[in-house]
Amino acid sequence: FNPGSAPQVLGMIRFWKHKPGVSRQTKKPSADRLCLERLAKSSKQEEQKRFYHRVMDYRDVDKIRGTYVEGTLKRLEADQARGIVDGRLRPTVTHKPSTLRLSYTNPNLQNVVADRRGKESLAAGFKKCLIAAPGCKLVSADYSGIEAVFVGWFSGDPDYIRSAWLGVHARLTAQSVGKPADMSWSNERLVEYFHETKAAHPVPYDRSKRCIH
């Protein structure tokens, strides 16, 4: 059995008489992550739950290995063949996203795999493999919700700007789960509440982050 084979995973789903997902692109049966997460949660037998979780784990590892580890090694080997031996990656800087924010391609070093499980995640583990050259530092910078600040500024809405600085995505998340924040609270209390909301509701938070504007 090859857990990296979508047809074989679909075969197991059908063998257990479970409902496959549907591809958004092709509209055909799919064994994508959303489908596996649903089945891992709804399956009655522990064997089935373990199967779906392990397929997702395998795909995560395979993604890191193929896209980032092997892809990085190939780029470094290609550089060495051209006489470049400094061991550095040289991505292309673009404004490709619809928000026109900075992005990197070939390789993408800003969004290293969609893994939202914190410091113990595969993405965090891979990032530890990237080191700065002697005398240099790797710097992570964030504009702290600049799009939300722009929305509030052009709307003439100081309350929205305040939310942008404190955590507008978490504010929407709190609203969507039926536990809205009280904007009469102090900034410190709101920041604390927004952190709690983000940690307690990762999936609604991720949705809010993508649709807020």
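Let's start with one contact. The side chain of Ser 103 makes a polar contact with the side chain of Thr 94, at 2.5 Å. Keep in mind that this is a predicted model.

Where is Ser 103? It lies in strand β4, which covers residues 103-105. Is Ser 103 buried or exposed? Its relative accessible area is 11%, so it counts as buried, the limit being under 20%. What does Ser 103 touch, leaving out residues up to four places away in sequence? The list is Thr 92, Val 93, Thr 94, His 95, Lys 96, Pro 97 and Gln 110.

The loop between β4 and α4 holds Leu 109; helix α4 spans 122-127. Pro 107 has its place in the loop between β4 and α4 too. Asn 106 and Pro 107 are joined by a cis peptide bond, with omega at about 0°. As background, most peptide bonds are trans.

Back to Leu 109. Its relative accessible area is 32%, which makes it partly exposed.

Lys 128 sits in the loop between α4 and α5, the latter being residues 146-155. At a relative accessible area of 64%, Lys 128 is exposed. How far is Lys 128 from Ser 140? In sequence, 12 residues; in space, 13 Å, C-alpha to C-alpha.

Now the charges. Side chains of opposite charge can pair when their charged atoms come close. How many salt bridges does the structure hold? There are 9.

Glu 37 is partly exposed at 37% relative accessibility. Arg 33 is partly exposed as well, at 35%.

The next pair is Asp 206 and Arg 210. The closest N and O atoms of this salt bridge are 2.7 Å apart. Why are these two residues separated by about one helical turn? Because they are 4 residues apart in helix α9, residues 202-211. Asp 206 is partly exposed, with a relative accessible area of 21%. Arg 210 is exposed, at 58%.

Asp 79 is buried, with a relative accessible area of 10%. Arg 82 is exposed, at 58%. This pair belongs to a network of salt bridges that links Asp 79, Arg 82, Asp 86 and Arg 90.

On to the interior. In soluble globular proteins, nonpolar side chains tend to be buried together. How many residues does the largest nonpolar core have? It has 13. Val 9, Ile 13, Leu 36 and Tyr 52 have the most contacts inside it. Three helices, α1 (6-15), α2 and α3 (46-81), each supply at least two residues of this core.

Which residues is it in contact with, leaving aside neighbours within four places in sequence? They are Ile 13, Trp 16, His 18, Leu 36, Leu 39, Ala 40 and Ser 43. There is also a second, separate core of 9 residues. Among its members are Ala 174, Ala 181, Leu 190 and Tyr 205.

Last topic: backbone angles. Most residues other than glycine have a negative phi. Phi of Lys 17 is near 60°, a positive value. Lys 17 lies in the loop between α1 and β1, the strand at 21-22. With a relative accessible area of 75%, Lys 17 is exposed. Phi of Lys 27 is near 65°, again positive. Its loop runs between β1 and β2, the strand at 29-30. Lys 27 counts as exposed, at 60% relative accessibility.

That's the tour. Happy to take questions.

Terms used. Residues numbered from 1 in each chain as written. Predicted model: local features only at pLDDT ≥ 70, side-chain atom pairs only at ≥ 80, totals over all residues. Heavy atoms only, no water. Buried < 20%, exposed > 50% of the residue type's maximum accessible area, 1.4 Å probe, protein only. Polar contact = N/O pair within 3.5 Å; in protein donor to acceptor, adjacent residues only side chain to side chain. Contact = heavy atoms within 4.5 Å. Salt bridge = Lys/Arg side-chain N within 4 Å of Asp/Glu carboxyl O. Core = buried A, V, L, I, M, F, W, Y, C linked by side-chain atoms within 4.5 Å.
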